[in-house]
Amino acid sequence: MNENKKIKLFINNKPIEVEEGTTILQAAQKMDIEIPTLCYHSLLEPYAACRVCVVERKMGEKVDLATSCNTEVKEGMEVFTDSEKAVNARKMNIELLMARAPAAEPVQEIAQKMGIEKTPFEIKDPTEKCILCGLCVRCCEEVVQANAIGFVDRGLEREVSPPFGEPSEDCIGCTACAFFCPTEAITYEDLHERKIIHEEMDLGPSKAIRVPLRQAVPMVPFVDEESCIHFKTGGCQLCEKVCEKEAVNHEAEEKEIELDVGTVILASGFKTFDSKRIPPYNYGRLDNIISGLEFERMVNASGPTGGEIRMTNGEKPQSVGLVHCVGSRDENYNQYCSRVCCMYSLKFAHLIAENTDADIYDFYIDMRCFGKGYEEFYHRLLEEGTKFIRGRVSEITDIPLSEKEEGKLIIRVEDTLMDTVRRVPVDMVVLATGLEPNEDQTELARMFNITTSQDGFFLERHPKLAPVSTASDGVFLAGACQGPKDIPDTVGQAGAAASEALALADKGTFELEPITAEIDEEVCAGCQLCIGLCPYTAISYDKEKGVSVVEEALCKGCGTCVSACPSGASQQKHFRDQQIMAEIEGIFIE
Amino acid sequence: MGNQSFDPRLVGFLCNWCSYTGADLAGTSRMTYAPNLRIIRVMCSGRVDPQFILKAFKEGADGVLVSGCHPGDCHYQEGNYKALRRHRLLSNMLEQMGIEKERFRLEWVSAAEGAKFQKVCNEFTEQIRKLGPLNMNGGKNEQTEA
Amino acid sequence: MSKQKPKVAFYWCSSCGGCEESIVDLAEDILKVTDAVDIVFWPVALDFKRKDVEAMEDNSIDVSFINGAVRLSEQQEMVELLRKKSKMVVAHGSCAHMGGIPGLGNFWNKETIFHRAYHTTPSTDNPDGTVPLEKTKVDGKELSLPRFFDTVRSLDQVIDVDYYLPGCAPPRDIIMNAVQAILKGELPPKGSVLSPNKSLCDDCDRNDSKPEKLAISEIKRPWEVELDPEKCFLAQGVLCMGPATRTGCGERCIEANMPCRGCFGPTDQVYDQGAKFLSSIASILDTDDEKEIEKIVNTIVDPAGTFYRFSLPASTLRRKKMEAIK
Ligand code: SF4
Ligand code: SF4
Ligand code: SF4
Ligand code: FES
Ligand code: FES
């Protein structure tokens with residue numbers, strides 16, 4: 001078949017030229033002529049099950065009806081999409097479908113458009129939605145290639161079902177069938193339990209092909225092998241099909257890329273504190289105790305609840321407790337302040353107030369609103385009616401001591417302003433989890449020859465004079481890998497790190513510390529003991545002169561070779577034997 | 001031997017990147033510790049020449065500490081391993097010279113371990129206090145007493 | 001030095017006599033020397049008494065060559081006397097230079113040495129337990145012996161020394177060069193060691209046999225291995241003090257297939273020969289493992305004795321701590 005062969009035809013008396021193999025439906029769509037469809041989907045093979053797309057066609061003398069979704073065009077064909085014959089046939093089909101699946105909205109819509117009020121046929125089940133379009137079966141077969149569902153029975157008893165009506169073992173739970181179903185006869189809720197599981201909500205179900213985050217550079221999607229259907233069944237690859245640029249390639253493999261660079265900025269970030277480490281808070285054990293990040297995900301409009309604040313039973317909470325300093329400022333976990341939790345808790349309080357009518361309780365040790373505009377925001381919250389309780393929460397429990405605590409989460413706290421221990425029953429608790437160094441922080445530090453400070457975050461060269469530099473020349477720090485910080489601080493620091501790195505790259509040269517080793521060739525015997533000791537292979541043997549020589553650009557000035565040189569020929573500038581000896585004498589002068 | 005009124009004189013050779021910074025941290029964190037250790041900064045524990053240790057003992061030190069980064073963490077990759085090797089051999093030799101091994105101590109203190117530095121200082125001071133003064137005078141007194 | 005021949009004195013303290021021998025060994029050169037100089041004091045060869053020296057005018061001797069370490073009060077008195085009478089004093093040989101082999105006595109003290117020498121050596125036959133005393137009465141007369149110090153000292157720890165002739169004993173060339181320099185008056189600055197300021201590897205034929213990265217994983221004693229006569233000793237795992245020892249000896253030991261023991265002492269930059277060598281050796285051990293390090297290090301049975309074979313009294317600590325001697 002010649003792919004490029006053009007075919008000329010007429011639709012509703014208008015001429016059009018399309019490629020051979022095009023269906024009538026596609027040709028009509030090109031001309032913006034609307035033909036209603038139900039079982040058609042551009043990504044699946046046409047199936048012609050609903051027969052709603054029926055049109056009248058004339059080929060020479062022969063006039064008949066055809067389903068436009070699966071009928072290919074022919075030279076000289078004349079098509080009438082809205083001829084009386086076609087419309088009547090379509091009406092009949094819709095009426096049949098209305099009888100079969102009275103609850104299917106798309107059928108209703110088309111019926112309405114066509115002016116059909118009710119079906120003359122007998123309605124079997126008024127709640128039925130399935131129109132037997134087969135989209136689900138085809139997608140499972142063609143796209144997902146899991147073959148988990150099919151049609152059973154025939155005629156009026158026909159229905160969609162997994163084999164033998166049992167939940168299928170072949171089902172990979174991809175929910176693609178629900179995605180394709182035009183009438184919501186299959187829904188996500190059928191596939192997943194209706195309950196909202198906060199704990200697993202952290203990043204919710206994500207698309208298998210997606211841009212990692214909105215600020216990603218480069219801003220291109222990647223295929224997440226964990227979720228991608230193709231990597232489970234070998235099928236699908238829909239994304240490859242729809243991408244006109246043919247940029248998706250499922251065969252691509254992970255590659256390690258080595259780059260030679262002169263400067264490096266470490267911006268490896270942080271991890272959040274795992275609240276399970278505080279057993280009395282019962283995080284992960286009791287429902288409706290969620291972490292800051294989980295809450296953040298929930299209130300996100302693209303999150304699993306569409307931005308609604310919901311408890312696990314799907315209802316709005318009547319009262320919410322916000323607990324500060326979870327894992328921070330606590331000798332048992334991290335001594336430092338995580339610096340962002342007070343402010344994000346306040347933000348949460350504000351969002352909850354906006355979203356619900358819940359009573360909001362905010363439990364804090366101190367309110368650390370140090371940034372620009374932060375204190376003002378706190379005051380706004382005070383006015384908005386959030387109840388602030390000063391004191392560290394000791395326990396979150398579900399064991400009630402009174403009737404009003406029944407079915408609630410009870411926050412136990414010492415209110416240090418009222419000098420009393422309180423129990424505050426709430427529906428939902430949001431823990432302001434702190435920031436911690438990443439698990440591989442020390443490994444990374446070792447790799448770059450830098451150190452971490454007591455809190456485990458990377459240590460800057462000097463807290464005031466070189467806050468983005470490290471002990472290794474050319475390695476700079478940005479963001480929370482150096483210590484907890486909020487976004488403005490991170491952006492500021494990142495800018496500084498970038499410009500330091502650029503300045504260095506631009507200069508193209510390093511300034512060495514003047515503490516390198518030097519070998520006095522008058523004294524060096526060329527014994528070469530020092531050579532193997534240098535971790536930077538900065539020393540070499542000059543055979544002609546019979547002495548060893550230090551390459552100053554390579555020497556970092558550890559002084560190891562100096563201490564090992566048996567003849568004292570090697571000396572470290574500013575740390576000469578003589579100088580250190582004098583120092584030793586000096587410190588004994590009373 | 002243990003003498004509470006004896007105030008040991010200790011010398012510490014601390015590497016710039018870890019131990020000296022750790023000591024600094026102890027200071028900036030306002031940790032109090034025995035004031036007996038007098039510190040000499042070197043770039044790396046690998047710079048500590050056994051000649052310095054002997055010199056310190058000769059000048060009147062009752063104990064000498066060499067402190068560097070933890071193994072694997074040396075800013076210069078492996079200087080501290082050289083320090084470790086020298087420490088072991090020198091300890092053997094010091095014993096032959098009548099200097100107890102306890103008086104020559106090697107410790108790994110990272111830049112983050114202000115508290116460890118404090119502990120090392122206190123412990124070392126106490127330990128040397130118990131051992132008593134070293135009085136390493138090279139037999140000088142004896143010649144003049146006719 | 002126009003008419004009069006320069007006046008020269010030789011004296012020995014605590015030494016084996018090898019250094020005296022080194023002078024005699026100059027063979028026919030000695031005649032040139034004796035021609036050129038006037039020997040005014042040489043107890044080993046010529047009959048002079050202490051009172052002869054006492055009778056000399058101060059600074060009347062041009063050079064005194066003194067060998068041996070200072071172990072006895074008599075030696076101290078004699079070297080002090082010679083210093084007064086001499087314009088220049090040369091420490092002759094390792095013992096005068098650094099204490100030498102007698103200096104190893106600094107691991108002990110008088111009491112323990114006497115106990116060993118007069119009571120416990122296998123060859124001791126001393127049923128009465130007699131020990132030398134500084135003063136004894138014999139037939140009503142008081143006899144005296146020099147005092148035996150607890151600590152051996154190098155010459156410069158007792159008197160001011162102008163030059164050093166290193167070596168056990170100093171080889172002929174070194175002595176002849178020194179004598180020539182003295183006669184010509186072409187001497188380096190006071191306090192110099194009269195031998196090149198480089199270590200032995202500089203002159204050692206075996207230096208080229210060193211591997212690119214010298215590392216020792218096992219330390220062997222010379223008798224434990226069949227020594228390759230061409231290969232650097234360190235590369236064979238045998239401790240050679242050559243890298244930490246001043247050159248000028250003519251590699252006598254190396255040529256005899258024996259590692260350097262360090263008799264020439266360190267170069268000028270080094271404060272403590274033993275400590276410096278210890279540092280080098282420890283640095284090139286081929287392991288980072290603590291246990292392994294200890295294992296290797298413990299195979300050096302007597303590090304102090306090995307590293308300070310010739311230089312204990314001149315070392316930083318000079319001696320074993322007295323109170324620690326049992
Ligand atoms: S160790 Fe010292 S003497 Fe030996 S080659 Fe190196 S610098 Fe020269
Ligand atoms: S000082 Fe350190 S870095 Fe420099 S040459 Fe010596 S061993 Fe190498
Ligand atoms: S270490 Fe000893 S054998 Fe090796 S080159 Fe030096 S002097 Fe010669
Ligand atoms: S759309 Fe053509 S038959 Fe359903
Ligand atoms: S830099 Fe700390 S031990 Fe080397």
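The structure is a predicted model, in which local features need pLDDT of at least 70, side-chain atom pairs count only at pLDDT 80 or more, and totals for chains, interfaces and linings use all residues. Residues are numbered from 1 along each chain as its sequence is written, chains are lettered from A and ligands numbered from 1 in the order in which they are written, and side-chain values use heavy atoms, with hydrogens and water left out.

**Stop 1: chain B**

Please select chain B, which has five helices and four strands. Helices (H or I, at least four residues) and strands (E, at least two) are DSSP runs, numbered from the N terminus. Read from the N terminus on, the elements follow the order β-α-β-α-β-α-β-α-α. Of the 146 residues in chain B, 64% are buried; buried means under 20% relative accessible area, exposed over 50%, and partly exposed in between (1.4 Å probe, protein chains only). Among the contacts (heavy atoms within 4.5 Å) that link residues of chain B at least 6 apart in sequence, 80% join residues at least 24 apart.

**Stop 2: chain A**

Chain A has 590 residues, of which 47% count as buried. For contacts in chain A with a separation of 6 or more, residues 24 or more positions apart account for 58%.

A:Gln237 sits in the loop between helix 7 (230-233) and helix 8 (238-242), and has a positive phi of about 55° although it is not a glycine. A:Asp419 belongs to the loop between strand 17 (409-415) and strand 18 (420-426). A:Asp419, also not a glycine, has a positive phi of about 55°. Is A:Asp419 buried or exposed? A:Asp419 counts as exposed because its relative accessibility is 65%.

**Stop 3: the nonpolar cores**

A nonpolar core is a set of buried Ala, Val, Leu, Ile, Met, Phe, Trp, Tyr and Cys residues joined through side-chain atoms within 4.5 Å. In soluble globular proteins, nonpolar side chains tend to be buried together. The largest core here has 122 residues, and those with the most contacts inside it are A:Ile584, B:Phe13, B:Phe57, C:Phe65, C:Ile281 and C:Phe307. Helix 7 (residues 172-184) of chain C gives this core its largest share, six residues. A second, separate core has 35 residues, including A:Leu38, A:Ile94, A:Leu135 and A:Ile149.

Centre the view on C:Phe65. Not counting residues up to four places away in sequence, its contacts include C:Val8, C:Phe10, C:Tyr11, C:His92, C:Leu165 and C:Ile182.

**Stop 4: where chains A and C meet**

Select the contact between chains A and C, which takes 26 residues from chain A and 23 residues from chain C. The two chains bury about 1,900 Å² between them, 53% of it on carbon and sulfur atoms; buried area is the accessible area (1.4 Å probe) that two parts lose on being put together, summed over both. A:Ala525, A:Leu529 and A:Pro566 supply 28% of the area that chain A buries against chain C, more than any other three residues.

**Stop 5: the ligands**

The residues around a ligand are those with a heavy atom within 4 Å of it. Around ligand 1, select among others A:Ile519, A:Cys524, A:Ala525, A:Cys565 and A:Pro566. Around ligand 2, the residues include A:Cys534, A:Tyr536, A:Lys556 and A:Cys561, and its shell divides into eight nonpolar, two polar and one charged. Here Ala, Val, Leu, Ile, Met, Phe, Trp, Tyr, Cys and Pro count as nonpolar, Asp, Glu, Lys and Arg as charged, and the others, Gly among them, as polar.

**Stop 6**

Select C:Cys95, in helix 5 (residues 94-98) of chain C. C:Cys95 counts as buried because its relative accessibility is 10%. C:Cys95 and C:Asn67 are 28 residues apart in sequence and 6.6 Å apart in space, C-alpha to C-alpha.

Finish at C:Ala169, in the loop between strand 9 (163-165) and helix 7 of chain C. The peptide bond from C:Cys168 to C:Ala169 is cis, with omega near -10°.
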